[in-house]
Amino acid sequence: MSQVTAIIGLGNPGPEYTATRHNAGFWLVDAIASSVHGELRPEKKFLGHYAKVRIGDQDVHLLKPATFMNRSGAAVAALSQFFKLAPENLLVAHDELDLPAGQARYKTGGGHGGHNGLRDIASALGNQKQFHRVRIGVGHPGDARQVTNYVLGRAGKDEQAAIERAIEECQATLPMALAGDWAKAMNQLHSFKL
């Protein structure tokens, strides 16, 4: 597998969305930046907030698109073109309805599963879907008609704590994933239980 050299967190910009479930990808990128004393700064050419950080012995690009979720692809394409990154060099962090809060999973390639951010990224990359993902569980409201309000709503206190623990576990497994040891990273992350 190709080396991951960029981690992109998905979410919606603006203070009204900061604490909403749909911003779980942002939360992971913020946590990574904080843990390595990196500072995400507005970067017009990447249509988002960007930082270059060192994780272990590897330089990694961090990006939080400042476009809305359904337009995330433009920022990802801009970053990819500038640094000549292939889809396989990207790790996209996003909220996942099909996993309960407190769980996270790595995945490579596949469809978008109805996630508008993933749909737009695949489209912007010329329908290339072989980018890596880290799916951060936020649970499901139980009714498809409630999904939009659910992901744009805030998690309860216990649920938020569970999501944050899963994000910590994602961070703990990142060095393995960045080193290309996906089996080890997946084994640790996928077996994590609260």
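1. Basis. The model is predicted: local features need pLDDT of at least 70 and side-chain atom pairs count only at pLDDT 80 or more, while totals for chains, interfaces and linings use all residues. Residues are numbered from 1 along each chain as its sequence is written, and side-chain values use heavy atoms, with hydrogens and water left out.

2. Largest pocket. A pocket is an open set of points on a 1 Å grid over the protein atoms alone, where a 1.4 Å probe fits, with protein on both sides within 12 Å along at least five of seven lines. The largest pocket holds about 450 Å³ of space, a volume being the space filled by probe spheres set on the points, which are joined across faces, edges and corners. Its lining counts 24 residues (those with an atom within 4 Å of a point), and His22, Leu97, Gly114, His115 and Asn116 lie nearest its centre. Two or more lining residues come from each of β5 (90-96), α3 (116-124), β7 (132-137) and α4 (147-151). Helices (H or I, at least four residues) and strands (E, at least two) are DSSP runs, numbered from the N terminus. By class, the lining of the largest pocket has seven nonpolar, eleven polar and six charged residues. Here Ala, Val, Leu, Ile, Met, Phe, Trp, Tyr, Cys and Pro count as nonpolar, Asp, Glu, Lys and Arg as charged, and the others, Gly among them, as polar.

3. Second largest pocket. This one has about 160 Å³ of space. Its lining has 13 residues, with Asn12, Gly14, Thr18, Phe26 and Lys64 closest to the centre. Both α1 (24-35) and β4 (58-65) give at least two residues to this lining; α1 has the largest share, three residues. Six of the lining residues are nonpolar, five polar and two charged.

4. Helix α1. The end C-alpha atoms of α1 are 17 Å apart, which agrees with the 16 Å that its twelve residues should span at 1.5 Å a residue; the expected span is 1.5 Å times one less than the number of residues. Its buried residues (under 20% relative accessible area, 1.4 Å probe, protein chains only) are Ala24, Gly25, Phe26, Trp27, Leu28, Val29, Ile32 and Ala33. Their cover includes β1, β3, β4, β5, β7 and α5. Just after the helix, His37 has a positive phi of about 60°.

5. Gly25. This residue of α1 has a relative accessible area of 0%. Leaving out residues up to four places away in sequence, Gly25 is in contact (heavy atoms within 4.5 Å) with Gly9, Leu10, Ala93, His94, Asp95 and Ile136.

6. Helix α2. The twelve residues of α2 (72-83) reach 17 Å from first C-alpha to last, close to the expected 16 Å. Buried in α2 are Ser72, Gly73, Ala75, Val76, Ala77, Ala78, Leu79 and Ser80, and what covers them includes β1 (6-9), β3 (48-55), β4, β5 and α3. Lys84 follows α2 with a positive phi, near 55°.

7. Nonpolar cores. A nonpolar core is a set of buried Ala, Val, Leu, Ile, Met, Phe, Trp, Tyr and Cys residues joined through side-chain atoms within 4.5 Å. The largest has 36 residues, and Ile7, Leu28, Leu62, Leu91, Tyr106 and Val134 have the most contacts inside it. Helix α5 (157-178) gives the largest share of this core, eight residues. Another core lies apart from it, with 18 residues, among them Phe46, Val76, Val92 and Ile121.

How values were computed. Buried < 20%, exposed > 50% of the residue type's maximum accessible area, 1.4 Å probe, protein only.
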